[in-house]
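Dear colleague,

I am handing over the structure we spoke of, and my notes come after it. Please read them with the model open beside you.

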Amino acid sequence: MRTTYESATVRLYHLADGPEGSAAQTLFYGPLEEAMALAAQQSEEIQADLFIATDNDVIAWLDLAEG
């Protein structure tokens, strides 16, 4: 079970497949609440490849948004 709180510091990143392979691009580093708001503003295509990393876990954005 994941434990989260709105002010937890997280990294929101986009994991995209490119011509050279997968690349992670950090979109935001800061409070979970702000990361979730930013992720929700992205297109569905981008949202499918978003991940949130905490100090001890990584979760796909869509799993967190649906949970």
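What follows is a description of the fold, its core and a few individual residues.

This is a predicted model, in which local features need pLDDT of at least 70 and side-chain atom pairs count only at pLDDT 80 or more, whereas totals for chains, interfaces and linings use all residues. Residues are numbered from 1 along each chain as its sequence is written, and side-chain values use heavy atoms, with hydrogens and water left out.

The secondary structure of the chain comes to 3 helices and 4 strands, where helices (H or I, at least four residues) and strands (E, at least two) are DSSP runs numbered from the N terminus. Along the sequence these follow the pattern β-β-α-α-β-β-α. Strand E3 (residues 50–53) pairs with strand E4 (residues 58–60) in the antiparallel sense over 3 bridges, pairing being assigned if DSSP finds at least two bridges between two strands. A hairpin through 4 residues joins E3 to E4, and Ile 52 stands opposite Ile 59 in E4.

Of the 67 residues in the chain, 25% are buried; buried means under 20% relative accessible area, exposed over 50%, and partly exposed in between, with a 1.4 Å probe and protein chains only. The largest nonpolar core has 11 residues, namely Val 10, Leu 12, Phe 28, Leu 32, Ala 35, Ala 39, Leu 50, Ile 52, Ile 59, Trp 61 and Leu 64. At least two residues of this core come from each of strand E1 (9–18), helix H1 (32–40), E3 and helix H3 (61–66), and H1 supplies the largest share, 3 residues. Such a core is a set of buried Ala, Val, Leu, Ile, Met, Phe, Trp, Tyr and Cys residues joined through side-chain atoms within 4.5 Å.

The buried residues of H1 are Leu 32, Ala 35 and Ala 39. Seen down the axis of H1, these fall within an arc of 60°, so they line one face of the helix, the arc being that of the directions from the helix axis to the C-beta atoms. Phe 28, another member of the core, is in contact (heavy atoms within 4.5 Å) with Val 10, Arg 11, Leu 12, Glu 34, Ala 35 and Leu 38, leaving aside its neighbours within four places in sequence.

The structure holds 1 aromatic pair. Tyr 13 and Phe 51 form this pair, which is stacked, at 5.7 Å centre to centre and 20° between the planes; rings of Phe, Tyr and Trp (its six-membered ring) pair if their centres lie within 6.5 Å, and planes under 30 degrees apart count as stacked, over 60 as edge-to-face and the rest as tilted. Because Tyr 13 lies in strand E1 and Phe 51 in strand E3, the pair ties together parts that are 38 residues apart in sequence. Tyr 13 is buried, at 11% relative accessible area, whereas Phe 51 is partly exposed, at 22%. Arg 11 lies over the face of Tyr 13, at 4.3 Å from the ring centre, the criterion being NZ of Lys or CZ of Arg within 6 Å of the ring centre and within 35 degrees of the ring normal.

Finally, Glu 6 lies in the segment before E1 and is exposed, at 56% relative accessibility. Its C-alpha is 4.8 Å from that of Glu 33, although Glu 6 and Glu 33 are 27 residues apart in sequence.

With best regards
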